[in-house]
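Me: Hey, could you walk me through this one? I'm new to reading structures.
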Amino acid sequence: MRRFLSRLVLPIVLLVGGFLLCSFWQSAPAPESNAPDNREHVEPRSPALPAPWTNSIGMRFVPVEGTEVQFGVWDVRVRDYAAFVKATGRKPSQGMWSLRGQRYGQHGDSWKNPGFDQGPTHPVCGVNWNDTQAFCAWLTDKERGEKVIAADLQYRLPTDWEWSRAAGLNEPCEGRPKDKDESSSGAYAWGSSWPPPEKAGNYAGTDTADDAWPRNWKVIENLRDGFARTSPVGSFPPNQFGLYDMGGNVWQWCQDDYDDVRGTKPLRGGSWADSVSRFLSLTFRLDFSPQDSLDYTTGFRVVLSRPSK
Ligand SMILES: [Ca+2]
């Protein structure tokens, strides 16, 4: 009798257990049930602004709080600019100023050879504002065409105000860069002390005063940052947004006009060739015409934005 009952109980247990398992399976949410199987177009891999990402040529971007754009974490590198030149055949802009034999002048140099050695991850220099526009237009067209970015996104330079935000400044959005030029002193990329501490960035420290450096040109005494000329991007600690070289290495072109009169464009951040505290202030602007005034310190950084921004 006991054996009979055990034979009867086992099938019942299996039957009830199977029923309960089926009930649970049916009540569980269907995973990814609304994902289409066959998409007719390729979704861009790019941002859903704002989110960190890496573009098709290895440039990294991060959001900057208070802006609606993504900032390139590095200055545009030699390898990035070389990819643009290779694809477009753009000729180097003429009239670059550089150092030869302790003479600062127009020696026929260009971004390809600015008068000193550069590796592929150094920031490109010797580019004017018009060059930066051509680079951004090429990269925008390329990545829209490849559906790497959505059709409503574009690369461009940061505006002067966006650059200030990315440098940690709290400037008013209204007004031209000229109105805010040197609005405060003593705000440097590393803080408020002078001179820059060690590892603050690439400025004109004593390493810069080599045989090619004019003997009457000053450098920052007691500063050795390890680089006589440009340095690979990412050689120094980033700022609070994860951006490198917002002070030093190369000056960075901005998108908008410096004022309403001259048609010049602002440059921000100072460079490896600067030793004067005024020039290294984050609120200091150089302003030069878009088609010329390029030298071995003029580079750029790009942002990804919506065209209306
Ligand atoms: Ca240096």
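Me: What share of the contacts in the protein chain with a separation of 6 or more comes from residues 24 or more positions apart?
Reply: Those residues account for 65% of them. Two residues are in contact if their C-beta atoms, placed from the backbone, lie within 7 Å. Before we go on, this is a predicted model: local features need pLDDT of at least 70, side-chain atom pairs count only at pLDDT 80 or more, and totals for chains, interfaces and linings use all residues. Residues are numbered from 1 along each chain as its sequence is written.

Me: Thanks! How many helices and strands are there in the protein chain?
Reply: The protein chain has six helices and eleven strands. Both are DSSP runs numbered from the N terminus: helices are H or I with at least four residues, strands are E with at least two.

Me: Which strands form the open sheet, and in what order?
Reply: The order is β1-β2-β3-β11-β6, with antiparallel pairing. The edge strands are β1 (53-54) and β6 (154-156), each pairing on one side only. Two strands pair if DSSP finds at least two bridges between them.

Me: And what holds paired strands together in general?
Reply: Strands of a sheet pair through backbone hydrogen bonds, either parallel or antiparallel.

Me: Let's go along the sheet. How many bridges join β1 to β2?
Reply: Two bridges join β1 to β2 (residues 60-63), and the partner of Trp53 in β2 is Phe61. They form a hairpin with five residues between them, and Gly58 in the turn has a positive phi of about 85°.

Me: What about β2 and β3?
Reply: That pair is antiparallel too, over three bridges. Pro63 has Gln70 as its bridge partner in β3. Six residues lie between the strands of this hairpin, where Gly66 takes a positive phi near 95°.

Me: Which residue in β11 is the bridge partner of Gln70?
Reply: In β11, the partner of Gln70 is Leu304. Strands β3 (residues 70-72) and β11 (residues 303-305) run antiparallel and are joined by two bridges.

Me: Switching to helices: how far apart are the end C-alpha atoms of α3?
Reply: They are 24 Å apart, which agrees with the 24 Å that the 17 residues of α3 (residues 129-145) should span at 1.5 Å a residue. The expected span is 1.5 Å times one less than the number of residues.

Me: Which residues of α3 are buried?
Reply: Trp129, Asp131, Thr132, Phe135, Cys136, Leu139 and Glu143 are buried. A residue is buried if 20 or more other C-beta atoms lie within 10 Å of its own, exposed if 12 or fewer, and partly exposed in between, with C-beta atoms placed from the backbone. Seen down the axis of α3, the buried residues fall within an arc of 150°, so they line one face of the helix. That arc is of the directions from the helix axis to the C-beta atoms.

Me: What covers them?
Reply: The cover includes α2 (78-88), β6, β7 (251-253) and β8 (265-268).

Me: Last one: is Trp111 buried or exposed?
Reply: Trp111 counts as buried because it has 22 C-beta neighbours inside 10 Å. Trp111 sits in the loop between β5 and α3. Leaving aside neighbours within four places in sequence, its contacts include Tyr81, Pro92 and Val124.
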